[in-house]
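The sequence and the model are shown first.

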Amino acid sequence: MYDYVIVGSGSSGSVLAARLSADPAVRVLVLEAGGSDRHLYVQIPAAFVRLGGPRFNWGFETEPQRNMNGRRMYLPQGRLLGGGSSINAMVYIRGNAADYDGWAQQGNRGWSYRDVLPYFRRAEHNERWDNEFHGRSGPLNVCDPLGPNPLTRRFVEAAVQAGLPANPDFNGAAQEGAGIYQVTQKNGRRMSAARAYLRPAMRRPNLTVVTGALALRVVFEKDRAIGVEYAVGNATAIARAEREVIVAAGAINSPKLLLLSGIGPADDLRRLGLPIVADLPGVGRNLQDHLDINIIARVSEPVSYNGRDRGLPALLSAARWMVKRDGPAASNVAEGGGFTKSHPRVNAPDIQFHFLPAMVIEHGRVRAAGHGVTLHTNCLRPESRGQVRLVSADPRDQPAVDPNYLSAKADLDVLLEALKRGRAILNAPAMRKIVDSELYPGPDARSDADLIDFIRRAAETDYHPAGTCRMGVDLEAVVDPNLRVRGVEGLRVCDSSIMPALVSGNTNAPSIMIGEKGADLIRGPR
């Protein structure tokens, strides 16, 4: 018997496990479907491109996307201790203050920017800043990258030449501008949520972590959650929770588990022969993701990271990292970036750039000869909404994931403008000196129609699904502002799936914040 059973050890689940188990009188169990995070590729920052296999990754595929030429699109999500924080590019971005104020304006009291800022600060140990926006006493180490590639500094210079202000801190007073991203690393090594929170807490006798544990369903007595049935290999067991079950399995697997447990749209559950515990039509709906379109160009000097991930250069980089914890292997690759507005009328940046001093094609699965750069451009606040639904009552079957990309025309308009802005940056003097030729979309893509065609056939996820167990006070909401699942007792959801609207930036830092705030909602403020 445990006090709390947590499903998932990702960016939010690791925080919950550490904070709740800080009370020695409380017994906490974490169920993680994946395995250990001890692999060297997890620890070496630049090796994240090698973490795409089933050992580390759920490897979801979307349903055919009708606005993306019918493509099934790759949607990776972490499947190991630390979840996405163990396989991501380590960019530390919180989003825009207006995001959280928007949540609060929808009735989610306690979630405004002023309310959540203390949780960001509590989580953070920032090596550069200690001020009203940043903390220096938290477990999550945040730092400047070690020795960014010269191409990254050229990008920042070019972005300023193209009209963006220089911005040394995207998480400070203003988000707009260009600069070099801070990263979740320490001494050149990845700082995942597992390394920051979970691993230190695992020394406690009152915290149990079970890996390879697939959650099958939440177990109820009447309308109260009393535990989780899970499988390790072919064996099944029930972990009982005396106080609460907390689902922190991410934007795809959290709604999947609720649906398997009889919480969701009643008609959908009946069709699959599942019991109905709570008729909540919002479960699995409101799926949002950042859609990304990339500009890839060759450069005239051999200064990019291309070619350093194989053969002798890779061995030399790995050896340097093992000895000094620096060099190309310590790079998060997505070193620079920026935020801008697609139109003066928008109140906050709605375009984000990630600059990579390397040609990265189709999530790194396609190699290109020579040296080059990649500029990711995305639509930060998509209006398109999709859904996660079950295809069967078998917990081992992956759900159907339909982000419904570009179903809202406004998203296409923003992406088109983002693509044009990105091209302008790569054509600014600082980059024009070294950019040799544009591979994608290519010099023949000149008209809006050409660029829209390129977006539909080449855009990809920016790895930020959210919103499928939406927090709110209306009848479509899945959880209330205290993260309690509506219509039942003893059950909460605490991860990126509770976001009413996707934040304007990367989702790791916000998910950690959600874990910090969720811990206080569960145990009381500390």
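## Terms and basis

A residue is called buried when its relative accessible area is under 20%, exposed when it is over 50%, and partly exposed in between, with a 1.4 Å probe and protein chains only. The model is a predicted one, in which local features need pLDDT of at least 70 and side-chain atom pairs count only at pLDDT 80 or more, while totals for chains, interfaces and linings use all residues. Residues are numbered from 1 along each chain as its sequence is written, and side-chain values use heavy atoms, with hydrogens and water left out.

## Overall fold

The protein chain contains 13 helices and 25 strands, where helices (H or I, at least four residues) and strands (E, at least two) are DSSP runs numbered from the N terminus. Its radius of gyration, 22 Å, is close to the 24 Å that the globule rule gives for 526 residues, so the chain is as compact as a globular protein of that length; the radius is taken over C-alpha atoms, and the rule is 2.2 Å times the number of residues to the power 0.38.

Along the principal axes, the C-alpha atoms fill a box of roughly 70 × 50 × 45 Å. Buried residues account for 60% of the 526 residues, and of the contacts (heavy atoms within 4.5 Å) between residues at least 6 apart in sequence, 69% join residues at least 24 apart.

## Backbone features

Most residues other than glycine have a negative phi, and most peptide bonds are trans. Lys222, in the loop between β11 (213–221) and β12 (224–232), has a positive phi of about 55 degrees although it is not a glycine, and with a relative accessibility of 82% it counts as exposed. Asn404 also has a positive phi, near 55 degrees, but this residue, in the loop between β22 (400–402) and α10 (409–426), is buried at a relative accessible area of 17%.

The peptide bond from Tyr440 to Pro441 is cis, with omega near 0 degrees, and Pro441 belongs to the loop between β23 (435–440) and α12 (448–458).

## Helix α13

Helix α13 (residues 508–523) has 16 residues and should span 22 Å at 1.5 Å a residue, which agrees with the 23 Å between its end C-alpha atoms; the expected span is 1.5 Å times one less than the number of residues. Because 14 of its 16 residues are buried, α13 is largely enclosed by the rest of the structure. Gly524 follows α13 and has a positive phi, near 100 degrees.

## Pocket and cavities

On a 1 Å grid over the protein atoms alone, a cavity is a set of points where a 1.4 Å probe fits but cannot get out, and a pocket is an open set with protein on both sides within 12 Å along at least five of seven lines; lining residues have an atom within 4 Å of a point. Grid points are joined across faces, edges and corners, and a volume is the space filled by probe spheres set on the points. The second largest pocket has a volume of about 710 Å³, and of its 29 lining residues the closest to its centre are Ala46, Val49, Arg50, Arg308 and Asp309. Helix α9 gives the most to this lining, with four residues.

There are two cavities of 30 Å³ or more. The largest has a volume of about 90 Å³, and its lining includes Asp289, Cys379 and Tyr405. The second largest cavity holds about 50 Å³ of space, with Trp129, Asp169 and Phe170 among the residues that line it.
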